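User: I've got this model open and I'd like to go through the calls made on it. Can you tell me what stands behind each one?

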Amino acid sequence: YRAKNSGGGRYCLFSEELAEEHQRKIDTEAALSEAVQRGEFVLALQPQLSFATGEVSGAEALLRWNHPREGMRLPNSFIPVAEQTGIIAELGDWVIAEVASMLAEWQSQGIERRLAFNVSPRQLDRADFFQRLRTTLSDAGVPLSLVELEFTESAAMECSQHVLDEIAALRREGASIAIDDFGTGYSNLARLRTMPLDRVKLDPSLIKDIESSEQARVVVQAVVQLIKGVGAEIVAEAVETAAQADILRAMGCETVQGFVFAHPMFEEEYLNWTQNAERGSRSVA
Ligand code: C2E
Ligand code: MG
Ligand code: MG
Ligand code: MG
């Protein structure tokens, strides 16, 4: 009786679950691939503002899946599967092509404002990633100086020397390099010091409690000092209140991105928003 419940039965249940999960992944992978082909993805743009001047310095492109039945889906519901299955490479190609096409369109309207986009570690598995990025941008007539590549802290710390060299070369050619979600992984401080780097984005978990907790402020101030010490600028991300913004500005952060100033917007709304932001005397201080 007991043996029946453990051994065989358990094993069978386990493999059924595995098979189901495997099937779910295959389904999602196929759905994502079809969605790319059907043009169901769209980029939302979240402004980044300079603390010093209040000007919009650029934006981060954030992927959205305009699902025909389920509506607008956020990345957390599909990026993890896309990364596990490898379909992120296809999605990532689409993001870069769309970034290039938006920047080219804006350039023709006399708008030169930088766009940042997220790069998944799996995209770097492809040896020709950097060369294809150059080609996509130059085919669109867009200089590298208009893009910023965001790598997560763990991706930046784990990538090979070869990839680091590629990143350094791209940066010398004008691209901006950012580390995303800094403070959640384990940074190799020697690498951080030598890494080709322009900006570091503080992880939201670091700044969440800075209004109420002196300890949280001490930690953020130390991190800010460390990043400045290696010559990079700081982007405070997911800033939700004016009080948080005040503290981060006083600590020396250069740039702010968060709901307190602007949510991610689709292209047209973003362009209108930035125009109004420039006309008005919007201040982030
Ligand atoms: P991320 O790159 O760290 O992007 C910032 C996330 O914080 C965005 O979520 C943004 O909407 C959110 N955010 C910004 N300001 C605030 C705020 O004040 N409060 C709060 N609560 N959230 C704020 P989103 O768009 O849902 O993206 C989540 C993650 O999905 C991104 O985190 C990034 O890791 C990933 N992701 C998005 N687009 C892409 C993409 O094109 N490629 C890859 N590989 N990953 C992407
Ligand atoms: Mg367009
Ligand atoms: Mg990001
Ligand atoms: Mg982030």
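**Helix and metal-site calls**

Analyst: Let's start with α10, residues 214-229: its 16 residues reach 22 Å from the first C-alpha to the last, close to the 22 Å expected at 1.5 Å a residue. Keep in mind that this is a predicted model.

User: Which residues of α10 are buried, and what puts them on the same side?

Analyst: The buried ones are Ala-216, Val-220, Val-223, Val-224 and Ile-227. They cover an arc of only 100° around the axis, so they sit on the same side of α10. In general, an α-helix has 3.6 residues a turn, so residues three or four places apart point the same way.

User: What does that buried side of α10 pack against, and what is on the face turned away?

Analyst: The buried residues of α10 pack against β6 (176-182), β7 (199-202), α9 (204-207), β8 (233-237) and α11 (242-251). The face turned away from them carries Gln-215 and Gly-229, which are exposed.

User: What makes Ser-213 a cap for α10?

Analyst: A side-chain oxygen of Ser-213 lies 3.3 Å from the backbone nitrogen of Gln-215, and that caps the N-terminal end of α10. The cut-off for a polar contact is 3.5 Å, so the pair counts. Just after α10, Gly-231 takes a positive phi of about 85°.

User: How do you know which residues coordinate the magnesium ion (ligand 4)?

Analyst: Asp-180 (OD), Asp-181 (OD) and Glu-237 (OE) coordinate this ion at 2.1 to 2.3 Å. Donors have to be within 2.8 Å of the metal, so these atoms qualify. Along the chain, the donors of ligand 4 follow the spacing D-D-x55-E. Asp-180 lies in strand β6 and Glu-237 in strand β8, so the pair ties together parts that are 57 residues apart in sequence.

User: Why are Asp-180 and Glu-237 called buried?

Analyst: Buried means under 20% relative accessible area. Asp-180 is at 6% relative accessibility, so it counts as buried. Glu-237 is at 11%, so it counts as buried too.

User: What coordinates the magnesium ion (ligand 3), and what makes Asp-180 a bridge?

Analyst: Ligand 3 is coordinated by Glu-60 (OE), Asn-118 (OD1), Glu-150 (OE) and Asp-180 (OD), at 2.0 to 2.2 Å. Those donors follow the spacing E-x57-N-x31-E-x29-D. Glu-150 in strand β5 (residues 147-152) and Asp-180 in strand β6 are 30 residues apart, and the pair links distant parts of the chain.

User: Why is β5 called largely enclosed?

Analyst: Five of the six residues of β5 are buried, so the strand is largely enclosed by the rest of the structure. Glu-150 is buried.

User: How do you know that β4 pairs with β5?

Analyst: Four bridges join β4 (residues 114-118) to β5, and the two run parallel. At least two bridges are needed for a pair, so the call holds. Within that pairing, Ala-116 stands opposite Glu-148 in β5.

User: And what about α4, how many residues does it have and which are buried?

Analyst: α4 (residues 88-108) has 21 residues and reaches 30 Å, close to the 30 Å expected. Its buried residues include Ile-88, Leu-91, Trp-94, Val-95 and Trp-106. Just after α4, Gly-110 takes a positive phi of about 80°.

Terms used. Residues are numbered from 1 along each chain as its sequence is written. Chains are lettered from A and ligands numbered from 1 in the order in which they are written. This is a predicted model: local features need pLDDT of at least 70, side-chain atom pairs count only at pLDDT 80 or more; totals for chains, interfaces and linings use all residues. Side-chain values use heavy atoms; hydrogens and water are left out. The expected span of a helix is 1.5 Å times one less than its number of residues. Buried means under 20% relative accessible area, exposed over 50%, partly exposed in between (1.4 Å probe, protein chains only). The arc is that of the directions from the helix axis to the C-beta atoms. Contact means heavy atoms within 4.5 Å. A polar contact is a pair of N or O atoms within 3.5 Å; within protein, one must be able to donate a hydrogen and the other to accept it, and residues adjacent in sequence count only if both atoms are side-chain atoms. Donors are N, O and S atoms within 2.8 Å of the metal (3.2 Å for Na, K and Ca); water is not among the atoms, so sites may look incomplete.
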